[in-house]
Amino acid sequence: FSISTYNKMWTDAQKDLDIQLQREREEFLQPEKDRVKAFKMLAISYIKYMQIFRNLETAHDQLVHQQKRMVIRQVLDGVIGRILEMKKEMVELDNSEFHYIDNILEDLKLLPEDIEVPIPRYFIKEKLEVLQQREKILDQILVNAGLQTQKPVKAMTFEEAIKVIQVAERARQGRCRAAFMKQIYLEEKRERQTKLQVQMGPSPDNAATCIQKVWRGYIQRKKTEKMREEEMIFLGMVSSSLPPHLKATSISRMHAEQLNTLQDEVQARHEEVFIKDKLRETEGLNIRETLQKQIGQCFIECRHIIGKFPDYPTEEAGGSMAILSQKTPEQVAAELAAKKEMALQKKAQKEKKEREGKEEVKGKKPQKTGKKVSLPAEEGWKMAPSNFLSIMEEGNRQYKVVWQNRDEGWDFLQDHDPELIKEEKREEVEEEIRVQVDELMQRKLENLKLAVDGEKSDKQKKGRKSEKVRAAVMFLARRTIDSLYRELVEEGLLIKAKTVNLSDYVGKYSYLGTTLRQVDIEPMPSLADVRQLIALYGILPLGSQAVHEKAPVAKALLLAGPAGVGKKMLVHAICTETGANLFNLSASNIAGKYPGKNGLQMMLHMVLKVAKQLQPSVIWIGDTEKIFSKAVLKAEEEMNPKRLEKILPKFLKALKAQDRVLLVGTTNRPFDANLKPFCKVYQKIILIPRPDYASRFGKYFLWKHIILQNGGAITDLLNISCLAKVSDGFTQGHIVQAVQAVLSELRLLQMTRKPLRTAEFMTSLARQDAVYKEEEETFK
């Protein structure tokens, strides 16, 4: 049942994706002058893609069919990337990181939960063993360095052990006595009923009940036997045409076939290797002979047309694949000539630029051509080209061709399709054999050139050159990643992330965003909006390599907000959801470590190398405004907080598209920094406000969530609504401190006879300083 459900979910998601791709082709190709209309189009597509994303992620996580999961994964990465592209367009149109689309959700009859960004579970599942092993190594290094103490094993005295055994033994004896007494009671009851029946005679109701029991049991056994036979026929363990006298034999074989089924499950992972070996054995010889004939024919035809044998293409150029292309030798020769000409033109342009640069240095201005570059007229907003539409369309096409109308009634296990594996592995076998044939035919071509044209190969020279390069590379002695990892942990630069999920950052969606904007009031973002941005900018790009390489991702992210709003918690949540390493480069943490300019460069080089090698990685800089501060306080001069100011942009520049490394800064005083260098490093800034009334009061949000989390109980004497109203201006950190101050060990013990009251929390909360509107406006 579950397999059919998730197959249907996948089918529905593919249908929705097909409709959405059609909309993309029709709507987004035309320029739109009305920005409001353009934003609405984008928002609707964003919501639709988010629903498709949720269904595809669930299907990918629950289905066990390997080939299906591969197709879904390809489309899933494409949808994630397209969502990030649309988010970028929405930000540019709206001039804001936060969007208020409650009116659109209302029109589509959807809830805010429908646009909550789901976190793909394969981020962690696919590398669970690696993460667990890494965590063990990290714990061991921390224990050896004295930075973490092992959890003490609770020792028990001899008297306590005897007492525990005595309690358990008395409880066992009590249970045995209770069972014995119950048995005696039932026997006495049965004797009383028997005597009564002998005196009064059998009751007609009891007799009817007895007959019904026997008859219903007989009918149910017949039904069960018939169902079992049908199941055996469906599984192929019993033939439907077997005569009755042979069915007993087939049932005896059933157990052996069940064992074979279990073995198939264990051997499923080896089946791909088996199929590949079988293909290599059966078809390998034919493939080899065919390739040799085709390549040899190409040599002869090329010499007949051009007058000499061609040079064998290098492996980088595709080897014999370049020879076996559908182009004629004349076309290949023309392409080579065109490539040489292009290379010469590029070289000439480069030399020209260098000459112009030298003339500018000498004071000479380069001559102007006099041509004016005409700019296109303003045609309105138009969707930027996408890197993911082709991926989604390819996945959609593959679904339609292979899976849409596929009959899977025979596939009971739903784990893999041997025929599809055979098609995939045939290409791999052909590629392996092609490489071997290339080596053989290259030697054959050299012999032909020597015998026919008298040409000698310059292979020896090339070999000498490559050996020199290899020797130079081998000469560079480098430290291992393990040693660098250990050093960074011991220095406290690589820390252990707390296990906290993004869903633990509780907060409600704001329903007044559009209403406030209609009266020219810019609303404060809600905690749900913050949670969504952390998922889009932090978690999704770090979790998927394909998305990170092609999507518009931010290298650096700034979380700004008052103290206690959960900035550090969100940093740890990014690491938990993606399995990322956490590096702490806060000014207070690197103070006195790796002194001097060279030491700083070496530290960042080590961090960068380990972060890239063991990606994904998060580099956290707490109180990051101190790095870009206008003036350093005297108390912080020894800490030297501005060490990273000049080198941080270079560090970010060293990160490439394939490096899943994210710099996250947290600050509660962003207005103390020089804004120009500050915003140059942090191109994405997320404002985290204090929680609004909906987040403080809503079901399972903040007050209720935190009280229950700390062992408290909610009763009628505790007015959550009142607490939510009174705590206006206080952050999540303030609420946590107030709850923990009230719920001491003694108070938790008294809670059964003395329930929690509202006044207890109000008194504790009143001792803390709130976030005033002036400070909130400064952040804004």
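Which residues in helix 21 are buried? In this predicted model, the buried positions are G599, L600, M603, L604, M606, V607, L608, V610 and A611. Helix 21 covers residues 596-613, 18 residues in total. From its first C-alpha to its last it reaches 26 Å. That is close to the 26 Å expected at 1.5 Å a residue.

Q613 also has its place in helix 21. Is Q613 buried or exposed? Its relative accessible area is 53%. Exposed means over 50%, so Q613 counts as exposed.

Now turn to the aromatic rings. A search of the whole structure finds seven aromatic pairs. One of them joins Y122 and F123. Y122 has 4% relative accessibility, and F123 has a relative accessible area of 3%. Buried means under 20%, so Y122 is buried and F123 is buried.

F628 and Y682 form another edge-to-face pair, 6.5 Å centre to centre with 75° between the planes. This pair links distant parts of the chain, 54 residues apart. F628 sits in the loop between strand 4 (617-622) and helix 22 (647-653). Y682 lies in the loop between helix 23 (675-681) and strand 6 (684-687). Both F628 and Y682 are buried. Ring pairs also bring in F678, linking F628, F678 and Y682 into a cluster.

Conventions. Residues are numbered from 1 along each chain as its sequence is written. This is a predicted model: local features need pLDDT of at least 70, side-chain atom pairs count only at pLDDT 80 or more; totals for chains, interfaces and linings use all residues. Side-chain values use heavy atoms; hydrogens and water are left out. Helices (H or I, at least four residues) and strands (E, at least two) are DSSP runs, numbered from the N terminus. The expected span of a helix is 1.5 Å times one less than its number of residues. Buried means under 20% relative accessible area, exposed over 50%, partly exposed in between (1.4 Å probe, protein chains only). Rings of Phe, Tyr and Trp (its six-membered ring) pair if their centres lie within 6.5 Å; planes under 30 degrees apart count as stacked, over 60 as edge-to-face and the rest as tilted.
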